[in-house]
Amino acid sequence: MNANRIIDMIVRQVMRRLVNTGVNKGIDLASRKGGPGTSNGPGKTSAPRHAQNLRQAQRVTRQMRRFMKF
């Protein structure tokens, strides 16, 4: 094995970890896990906000189906 292959292997591992960390942070923020002021507590969710979240989830699901081939 030459030095170039070893360096490429290490760089790929580091990049994979960085990308996975970034994706996980983005998913957590999008799903509102963590961060100040994101917890509503029990009984504090409003019906219009809930309905809006459901509509948005339906839109995202429809968009995802376009790219998924079963």
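The stops below move from the whole chain to single residues.

Begin with the entire protein chain, bearing in mind that this is a predicted model. Colouring by secondary structure will show two helices and zero strands. How many of the 70 residues count as buried? The share is 0%.

Now select residues 3–30, which make up helix α1. This helix has 28 residues, and the distance from its first C-alpha to its last is 40 Å, close to the 40 Å expected at 1.5 Å a residue. Just after α1, select R32, where phi is positive at about 60 degrees.

Return to the surface and select M1, I6, I7, M9, I10, V11, V14, M15, L18, V19, V23 and I27. Together these residues form a nonpolar surface patch with about 1,100 Å² of accessible area.

M1 is found in the segment before α1. Its relative accessibility is 74%, over the 50% cut-off, and M1 therefore counts as exposed. With neighbours within four places in sequence left aside, M1 is in contact with I6 and M9, both of which also belong to the patch.

Finally, select V11, which lies in α1. Is V11 exposed or partly exposed? V11 counts as partly exposed because its relative accessibility is 43%, between the cut-offs of 20% and 50%.

Definitions and conventions:
Residues are numbered from 1 along each chain as its sequence is written. This is a predicted model: local features need pLDDT of at least 70, side-chain atom pairs count only at pLDDT 80 or more; totals for chains, interfaces and linings use all residues. Side-chain values use heavy atoms; hydrogens and water are left out. Patches are made of residues with over 30% relative accessible area and no salt bridge: like charges are joined within 9 Å, nonpolar side chains (Val, Leu, Ile, Met, Phe, Trp, Tyr) within 5 Å. Accessible areas come from the Shrake-Rupley method with a 1.4 Å probe; for residues, only the protein chains shown count as cover. A salt bridge is a side-chain nitrogen of Lys or Arg within 4 Å of a carboxyl oxygen of Asp or Glu. Helices (H or I, at least four residues) and strands (E, at least two) are DSSP runs, numbered from the N terminus. Buried means under 20% relative accessible area, exposed over 50%, partly exposed in between (1.4 Å probe, protein chains only). The expected span of a helix is 1.5 Å times one less than its number of residues. Contact means heavy atoms within 4.5 Å.
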